[in-house]
Amino acid sequence: MAMPVFKKPVYDERSNEILRMLTEGMSRDEVAAKLGYSNTRSMHTVMNRKNFVWDERKKNYVPAYSQYHDAVNQAIPSSSKMGQILSLFAKEGADAKEIAKRLGFADHREMASYIKGKGYVWDNEKQNYVKYTGKLSEESDGQQDLPDSPTEEDEIRASPVSPRLTGEGLERYLPLLDMLERNRDRLIDLLVPASTTGQIPRYAVPGIFTTKTVHMTNLLDQMVRDFSREKNISQREIFECALIEFFRRYGYEREVEQLLGR
C-alpha cells in the first residue's frame, strides 16, 4: 500500500488570523462573520486548501496529516498486542515498565523495539505512541526525532500527582495566573505558528535619523543585502525590526513600548 503524501500546512496571514481567533475561544461562526465569509463552509474550504482540517475535539483547525495519523491509530484492533499497548498508554498514570511486564516483554526496552518495528513513535503531546506513516512534501519530509519510548520525565508528568487546586492550594498559583493574563497576547503568538510567507512587521520609530557604522562579516552583510532585495524591504527597516525584536526578547519590552508610544 503506497504511503499518502501530505502537503505542509500553509501558515499565512489569513490562516494565522483564523487560528488565533479560534485559539482565543471564538466559535467558527463568529470567526467567519468577523472575517467576512458568507458562512463557515467558505472559511472551511479556504482552510482545507491551506492543508488544514477541523478537529472537533480541539475546536480548531489542525494540519491534515495529523488527522491521518490519528485515523491510522484508531484503526488498530484493540485485541492486537499493539492495540493493547496504545490502550494501556492512553490510561492516566501509564507506566512503561508495568505495561511491558503485563504484556509479556522482558522489559520496557524490548517493548520499545517491538513498537518501533511496528512503525510507531512516541508523541509527547498525546502522551502515547502514534503511527508515523506518510511524508510531507515540499522542502521537508516533516519527520521529527521522537523518543522510542516515554522518558522518566514523561512518565512522571503523566502521573496524577498534582495538588488539588482548591482553597489554599489555589492561592499559590494566583501570581502565575496573573502573569499568564498579562502576557496573554504573547502566549497566543507562541501557540499560533509564525507565518511562513515573510510578513515582516514595520515600525514607525520616532526620532531624528543618524548614521551608525556597524562592522560585520562580508557573508552576513551579503545576507542582509539579499534579504533586502528579495523581500523588498530597506536595510534600515531590517535593522530596526531586528533591534526592536531583540530588545523585546531580552528585557527592554517596556522601553520599546514607550519608544513606539504604545
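Trainee: How do I read Y250: is it buried or exposed?

Mentor: Relative accessible area tells you: buried is under 20%, exposed is over 50%, and partly exposed lies in between (1.4 Å probe, protein chains only). With a relative accessible area of 56%, Y250 is exposed. Bear in mind that this is a predicted model, where local features need pLDDT of at least 70, side-chain atom pairs count only at pLDDT 80 or more, and totals for chains, interfaces and linings use all residues. Residues are numbered from 1 along each chain as its sequence is written, and side-chain values use heavy atoms, leaving out hydrogens and water.

Trainee: Which residue forms an aromatic pair with Y250, and how are the planes set?

Mentor: Rings of Phe, Tyr and Trp (its six-membered ring) pair if their centres lie within 6.5 Å; planes under 30 degrees apart are stacked, over 60 edge-to-face, and the rest tilted. The partner of Y250 is F246, in a tilted pair with 4.9 Å centre to centre and 45° between the planes. F246 counts as partly exposed because its relative accessibility is 45%. Ring pairs also join F246 and Y250 with F247 and Y252 in a cluster.

Trainee: How many aromatic pairs does the structure hold?

Mentor: It holds nine. One of them is edge-to-face: the rings of F89 and Y129 have centres 5.4 Å apart and planes at 75°. This pair links distant parts of the chain, 40 residues apart, with F89 in helix 5 and Y129 in strand 5 (residues 128-131). Helices (H or I, at least four residues) and strands (E, at least two) are DSSP runs, numbered from the N terminus. F89 is buried because its relative accessibility is 5%, and Y129 is buried too, at 2%.

Trainee: Which residues have the most contacts inside the largest nonpolar core?

Mentor: A nonpolar core is a set of buried Ala, Val, Leu, Ile, Met, Phe, Trp, Tyr and Cys residues joined through side-chain atoms within 4.5 Å. The largest here has 16 residues, and those with the most contacts inside it are I85, F89, I99, M111, I115 and Y129. Helix 5 (81-89), helix 6 (96-102), helix 7 (108-117) and strand 4 (120-123) each give two or more residues. Helix 5 supplies the largest share, five residues. Another core, of 14 residues, lies apart from it and includes Y11, I18, L19 and V31.

Trainee: Where does the charged end of R28 sit?

Mentor: A charge sits over a ring if NZ of Lys or CZ of Arg is within 6 Å of the ring centre and within 35 degrees of the ring normal. The charged end of R28 sits over the ring of W54, 4.0 Å from its centre. Likewise, the charged end of K81 sits over the ring of F105, 4.8 Å from its centre.
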